[in-house]
Amino acid sequence: MSMAELLSDYTARNVALGSGLLGVISGVLGCFAVLRRQGLLGDVLAHAALPGICLAYLLTNSKSSLVLLLGAAIAGWLAALALLQIVQQARLGEDSALGIVLSTFFAVGITLLTFLTKRGDAQGAGLDRFLFGQAAALIEEDVFVIAVLAAIAIGATALFYKEFKLLTFDALFARSIGLPTQALSVLLTSLVVVAIVIGLQTVGVVLMAAMLIGPAVAARQWTNRLGIMIVLAALFGAAAGLAGALLSLSAENIPTGPVTILSLTLIVVLSLLFAPARGLVWRRLNRSGG
Amino acid sequence: MNALDIHDLTVSYRDKVALQDVDLAIPAGKLAAIIGPNGAGKSTLLKAALGLVPTVAGSVLIYGQPYAKQRHLVGYVPQRSSVDWDFPTTVLDVVLMGTYGRLGWIRRPGRAERDRALACLDQVGMADYADRQIGQLSGGQQQRVFLARALAQDASVYFLDEPMAGVDAVTEQTILSVLQDLARQGRTIICVHHDLDSAPQYFDWVVLLNVRVIASGPLATTFTADNLRKTYGGSMRAAIAHFQHFEEELEQAKR
């Protein structure tokens with residue numbers, strides 16, 4: 001298929017819309033995740049979504065994306081709760097707690113997934129697309145769900161932008177003026193879960209964290225303003241999402257998630273090297289010049 | 001009227017007692033210093049007064065009422081090291097955060113808030129830096145931006161956590177004169193302070209703290225060699241050692 005054909009194609013339109021939206025929302029929320037140093041939390045939540053998807057299918061026998069993603073969100077939530085409990089009760093370091101929760105949930109997920117795909121049930125076989133994402137499988141209903149979730153998440157971020165910014169920059173001061181920082185923090189993490197859940201279909205649980213971290217890291221290189229950083233991250237995310245989806249459609253046997261992440265990596269590397277002021281090349285030139 | 005009344009306050013982190021049975025009253029309009037060795041609970045005392053750490057027992061009143069009711073009267077300058085200065089934001093934007101409390105939910109700062117923030121920056125001699133990214137500032141300039149943010153809160157009582165630690169002489173003088181102006185207007189300043197030499201020149205009220213309150217009152221009757229010895233555990237030599245250690249830590253923090 002040529003690119004022109006791709007764009008007029010029904011599947012391609014869904015794929016492009018879905019992946020683009022995913023890029024936008026993960027870019028926006030990734031900014032907060034990265035600035036709050038919670039990039040790895042995203043990784044845990046994404047991996048933890050897998051058993052949720054499998055259980056949701058096992059219990060309902062439905063492959064409607066709404067049902068599966070609800071399962072993913074609940075499992076992600078439970079993982080976040082488990083993390084908090086382990087850090088507070090067991091006095092473990094956060095890194096150890098992250099490691100434990102990620103691998104436990106993912107192990108359960110892979111066990112369930114293997115069981116479902118090997119039991120000869122043709123329906124269950126499709127679930128493994130959540131591992132690495134398969135944009136080509138997106139149908140109109142999925143895109144609709146993604147669009148609604150994205151609208152909610154971005155709307156909430158716009159509404160509470162001032163509060164989220166203060167929480168991220170200076171949580172102590174935020175609490176001193178009476179902001180419910182705990183509740184805001186939970187809300188922000190929940191929005192990250194929404195972003196992850198959206199990404200599961202196109203990027204997959206394994207690589208989803210990169211989709212949160214990458215656009216934000218790249219965007220931070222080009223600006224010193226949070227507002228501009230968020231817009232740039234949304235653009236970078238959308239570009240990577242589109243590139244990954246269309247590349248994987250244009251040839252067979254190209255997994256969407258990995259190609260998306262590789263496109264994103266290109267953006268990140270270029271930003272780290274060439275962004276004015278913060279880029280490595282710029283800094284090196286400046287040093288030798290001065 | 002007392003700006004701050006603390007009764008029987010006890011705070012502990014896990015098993016360690018940080019503050020025990022603290023009783024304290026600071027009259028309105030005072031320039032008060034909280035002084036004590038490392039680990040004495042000075043920062044904790046501020047945070048407990050502001051409801052930022054859970055308390056085991058005790059009560060805190062701001063102008064006779066619980067903090068939750070008096071929030072609009074309080075300004076706060078946290079330790080400079082408590083935030084990431086590489087955060088993507090400008091000097092003016094940080095000062096604008098001081099207006100968030102009055103703005104309330106969702107409303108964005110407008111022209112009036114911007115003008116107010118610029119005036120506060122001017123007060124600390126930082127008006128020319130409004131559009132700078134905060135990471136480009138020196139430590140002293142960062143501290144002045146934090147003070148400007150507190151000024152934008154337009155508070156009656158200000159809590160400052162080591163505002164003069166590790167800053168340059170210009171900044172120290174600027175901060176001092178701003179604080180003195182505030183006190184002259186009848187506002188109350190409560191300031192964690194680390195330097196015993198400058199304390200008697202800067203403040204007119206002192207609280208000597210070492211987990212418990214050792215002494216609290218007007219400078220002349222409270223800031224005595226005897227009380228300092230009790231606060232710093234036996235001898236002034238220990239106190240001096242404490243400070244040397246503290247300064248070393250600061251040096252390391254700066255690097």
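Predicted model: local features only at pLDDT ≥ 70, side-chain atom pairs only at ≥ 80, totals over all residues.
Residues are numbered from 1 along each chain as its sequence is written, and chains are lettered from A in the order in which they are written. Local features need pLDDT of at least 70, side-chain atom pairs count only at pLDDT 80 or more, totals for chains, interfaces and linings use all residues, and side-chain values use heavy atoms, with hydrogens and water left out.

**Stop 1: the six-stranded sheet of chain B**

Helices (H or I, at least four residues) and strands (E, at least two) are DSSP runs, numbered from the N terminus. Two strands pair if DSSP finds at least two bridges between them. Show chain B as a cartoon and find the open sheet of six strands, in the order E6-E7-E8-E3-E9-E10, with mixed pairing. Strand E6 (74-77) and strand E10 (212-218) of chain B are its edges, and each pairs on one side only. From one strand to the next the twist averages 15°.

Now select residues 31-35 and 205-210 of chain B, which are strands E3 and E9; they run parallel and are joined by four bridges. Pick Ile35(B): its bridge partner in E9(B) is Leu208(B).

Contact means heavy atoms within 4.5 Å. Axes are lines fitted to C-alpha atoms, for helices over the stretch in contact, and angles run from 0 to 180 degrees between N-to-C directions. Select residues 42-49 of chain B for helix H1, which lies across E3, E6, E7, E8 and E9 of chain B and runs at about 145° to E7(B). Then select residues 139-152 of chain B for helix H6, which lies across E6 and E7 of chain B at about 170° to E6(B).

**Stop 2: the four-stranded sheet of chain B**

Four strands of chain B form an open sheet in the order E2-E1-E4-E5, with antiparallel pairing. The edge strands are E2 (16-27) and E5 (65-66) of chain B. Helix H1(B) packs on this sheet, touching E1, E2 and E4 of chain B, and its direction makes about 115° with that of E1(B).

Select residues 2-13 and 57-62 of chain B: these are strands E1 and E4, which run antiparallel and are joined by five bridges. In E4(B), His7(B) has Ser59(B) as its bridge partner, and Leu4(B) has Ile62(B). Two bridges join E4(B) to E5(B), also antiparallel, and Leu61(B) stands opposite Pro66(B) in E5(B). E4(B) and E5(B) form a hairpin with two residues between them, and Tyr63(B) in the turn has a positive phi of about 45°.

Which residues does Thr44(B) touch, not counting those up to four places away in sequence? Select Thr44(B), in helix H1 of chain B, and show Val11(B), Tyr13(B), Ala18(B), Leu19(B) and Val53(B). Thr44(B) is buried, with a relative accessible area of 8%. Buried means under 20% relative accessible area, exposed over 50%, partly exposed in between (1.4 Å probe, protein chains only).

**Stop 3**

Move to chain A and select H3(A) and H4(A), whose axes come within 6 Å and cross at roughly 130°. H3(A) and H4(A) are therefore oblique to each other. Angles under 35 degrees count as roughly parallel, over 145 as roughly antiparallel, 65 to 115 as roughly perpendicular and the rest as oblique. Residues in the contact include Ala48(A), Gly52(A) and Ala56(A) of H3(A), and Gly71(A), Ala75(A) and Gly76(A) of H4(A). By class, this contact of H3(A) with H4(A) has 15 nonpolar, four polar and no charged residues. Ala, Val, Leu, Ile, Met, Phe, Trp, Tyr, Cys and Pro count as nonpolar, Asp, Glu, Lys and Arg as charged, and the others, Gly among them, as polar.

The contact of H4(A) with H5(A) has 11 nonpolar, no polar and one charged residues.

**Stop 4: helix H12 of chain A**

Finish on residues 208-222 of chain A, helix H12: 11 of its 15 residues are buried, so H12(A) is largely enclosed by the rest of the structure. The buried residues include Met208(A), Leu212(A), Pro215(A) and Arg220(A). To see what covers them, show helices including H2 (10-35), H3 (39-60), H11 (181-202), H13 (226-250) and H14 (256-274) of chain A.
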